[in-house]
Amino acid sequence: GTSDPYVKFKIAGKEVFRSKTIHKNLNPVWEEKVSLLVESLREPLYVKVFDYDFGLQDDFMGSAYLYLESLEHQRNLDVTIELKDPHYPNHDLGSLDLTVKLIPKEGDFRETVSISFSYLFVFLADVFRLKI
């Protein structure tokens, strides 16, 4: 089987970005870039990956938090986040590679986070074993 993965980014419970769906691919490359306005660096970026299913509920493939407080200002940082299922924290669901840059917004206390993301490596056996 194959997957049709896409990624959602959330901050403070609000969806701030959704990637395009890569169809029929277990090792998708998105090569997308997004800039997000962040009210507080204390609020982590929540990343969730789904498998698109036409006409059905999309399948959860894994999630992770990116802690913005740990980022350096004005510097590109390559980050690999490990995807997990909160219900099965010991299972490895793959990883997502991001390039992240924190940019202070001039004349404003808010920050802008620039994110480029490319690869997702999903170990499908784990994904299907975890389906309920």
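## Overall picture

Of the 132 residues in the protein chain, 45% count as buried (under 20% relative accessible area with a 1.4 Å probe, protein chains only; exposed is over 50%, and partly exposed lies in between). This is a predicted model, in which local features need pLDDT of at least 70 and side-chain atom pairs count only at pLDDT 80 or more, while totals for chains, interfaces and linings use all residues. Residues are numbered from 1 along each chain as its sequence is written, and side-chain values use heavy atoms, with hydrogens and water left out.

The chain holds one helix and eight strands, in the order β-β-β-β-β-β-β-β-α from the N terminus. Here helices (H or I, at least four residues) and strands (E, at least two) are DSSP runs, numbered from the N terminus.

## The nonpolar core

The largest nonpolar core has 27 residues, and Phe9, Leu45 and Ile115 have the most contacts inside it. At least two core residues come from each of β1 (5-11), β3 (29-38), β4, β5, β6 (77-82), β7 (95-104) and β8 (111-121). Such a core is a set of buried Ala, Val, Leu, Ile, Met, Phe, Trp, Tyr and Cys residues joined through side-chain atoms within 4.5 Å. In soluble globular proteins, nonpolar side chains tend to be buried together.

## Aromatic rings and charges

Let's turn to the rings. The count comes to five aromatic pairs, taking rings of Phe, Tyr and Trp (its six-membered ring) with centres within 6.5 Å; planes under 30 degrees apart count as stacked, over 60 as edge-to-face and the rest as tilted. Tyrosine 46 and tyrosine 65 are stacked, because their ring centres are 4.6 Å apart and their planes at 25 degrees. Tyrosine 46 belongs to strand β4 (residues 45-51) and tyrosine 65 to strand β5 (residues 59-66), so this pair ties together parts that are 19 residues apart in sequence. Tyrosine 46 counts as buried at 18% relative accessibility, whereas tyrosine 65, at 44%, is partly exposed.

Tyr6, Phe50 and Phe60 form one aromatic cluster. Two charges sit alongside this part of the story: the charged end of arginine 18 is over the ring of tyrosine 6, 3.6 Å from its centre, and lysine 8 lies over the face of phenylalanine 50, at 5.2 Å from the ring centre. The rule asks for NZ of Lys or CZ of Arg within 6 Å of the ring centre and within 35 degrees of the ring normal.

## Backbone in the loops

Lysine 24 is not a glycine, yet has a positive phi of about 50 degrees. Lysine 24 is found in the loop between β2 (14-18) and β3 and counts as exposed at 68% relative accessibility. Glutamine 74, also not a glycine, has a positive phi of about 60 degrees and is placed in the loop between β5 and β6.
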